[in-house]
Amino acid sequence: MLRVGLTGGIGAGKSAVSSRLAARGAIVIDSDVLAREVVAKGTEGLAEVVAAFGPEVLTAEGEMDRSAVGRIVFGDAAARKRLEAVIHPRVRARAAEIEASAPDDAIVVHDIPLLVETGQADKFDVVLVVDVPANVQLERLTQQRKMAADEARQRIASQATREQRLAVADIVVDNSGTPAELEERIDEVWATLRGHGPTTKA
């Protein structure tokens, strides 16, 4: 089994890369999806979030109000750490369960937005970083996600820097070009992963 850690800054197009790897046969474990599962309605994880932040983080239907939680933890490092202490261990445990059920020869891609920030780079055989310049991130967040420019800049600034991500990368995927160029690059990356050969930074 080859264990791949996939990361990239907000707006870099990490989802586009993970979906293309899945289409080629990778088993993709998406941390964002798991993070929603572990605090779904009725879970122990959600009960802990409510205990930490109060009932105002629930919707009328009894689900976690992600926007309300976001407003509490964004810009408040202590609050964010309390939230992460609930979510991160559960996400990692669930990811380990999924990985354990994969075939021995599988290429398992762990899609982790905060891989660098949470110090997990050394836990994988290969770290794959999706990279674009900051101005491309800003353009995508404001145009595609309709974020205000100030909010987009804050989101970018709250993550690891581009240099910090590139410093841990074994393979870099430049996703500032066209979809066709991305497909071509993913073909190259997939061939490298299939061969478990020397990694490339390009």
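**Glutamine 137**

I started with glutamine 137, which counts as buried because its relative accessibility is 4%. Buried means under 20% relative accessible area, exposed means over 50%, and partly exposed is in between, with a 1.4 Å probe and protein chains only. I noted that this is a predicted model: local features need pLDDT of at least 70, side-chain atom pairs count only at pLDDT 80 or more, and totals for chains, interfaces and linings use all residues. Residues are numbered from 1 along each chain as its sequence is written, and side-chain values use heavy atoms, with hydrogens and water left out.

I found glutamine 137 in helix H6, residues 134–143. Helices are DSSP runs (H or I, at least four residues), numbered from the N terminus. Next I looked at the side chain of glutamine 137, which reaches the backbone oxygen of isoleucine 10 at 2.8 Å. Then I listed what glutamine 137 is in contact with, leaving aside neighbours within four places in sequence: Gly9, Ile10, Val132, Ile156 and Arg165. Contact means heavy atoms within 4.5 Å.

**H6 against H7**

I moved on to the helix pair H6 and H7. Their axes come within 9 Å and cross at roughly 130°. Axes are lines fitted to C-alpha atoms, for helices over the stretch in contact, and angles run from 0 to 180 degrees between N-to-C directions. H6 and H7 are therefore oblique to each other. Under 35 degrees counts as roughly parallel, over 145 as roughly antiparallel, 65 to 115 as roughly perpendicular, and the rest as oblique. I recorded the crossing of H6 and H7 as right-handed.

Which residues of H6 and H7 make the contact? H6 gives Ala134, Gln137, Leu138, Leu141 and Thr142, and H7 gives Ala149, Ala152, Arg153 and Ile156. I sorted the residues of this contact into six nonpolar, two polar and one charged. Ala, Val, Leu, Ile, Met, Phe, Trp, Tyr, Cys and Pro count as nonpolar, Asp, Glu, Lys and Arg as charged, and the others, Gly among them, as polar.

I looked up alanine 149 in helix H7, residues 149–158. Alanine 149 counts as partly exposed, at 30% relative accessibility. Not counting residues up to four places away in sequence, alanine 149 touches Leu138 and Thr142. I also checked valine 109, 40 residues from alanine 149 along the chain: the two C-alpha atoms are separated by 32 Å.

Lysine 146 lies in the loop between H6 and H7. I noted lysine 146 as exposed, with a relative accessible area of 66%. Its phi is near 60°, a positive value in a residue other than glycine. Most residues other than glycine have a negative phi.

**H1 against H9**

I turned to helix H1 (residues 14–23) and helix H9 (residues 179–195), whose axes come within 10 Å and cross at roughly 55°. H1 and H9 are therefore oblique to each other. Their crossing is right-handed. On the H1 side I listed Ala16, Val17, Arg20 and Leu21; on the H9 side, Pro179, Leu182, Glu183, Ile186, Trp190 and Leu193. These residues divide into eight nonpolar, no polar and two charged.

**Lysine 14**

Last, I looked at lysine 14 in helix H1. Is lysine 14 buried or exposed? Lysine 14 is buried, with a relative accessible area of 10%. Beyond its neighbours within four places in sequence, lysine 14 is in contact with Leu6, Thr7, Gly8, Asp111, Pro113 and Val130.

Technical notes:
Helices (H or I, at least four residues) and strands (E, at least two) are DSSP runs, numbered from the N terminus. A polar contact is a pair of N or O atoms within 3.5 Å; within protein, one must be able to donate a hydrogen and the other to accept it, and residues adjacent in sequence count only if both atoms are side-chain atoms. A crossing is left-handed if the near helix is turned anticlockwise from the far one by less than a right angle, and right-handed if clockwise.
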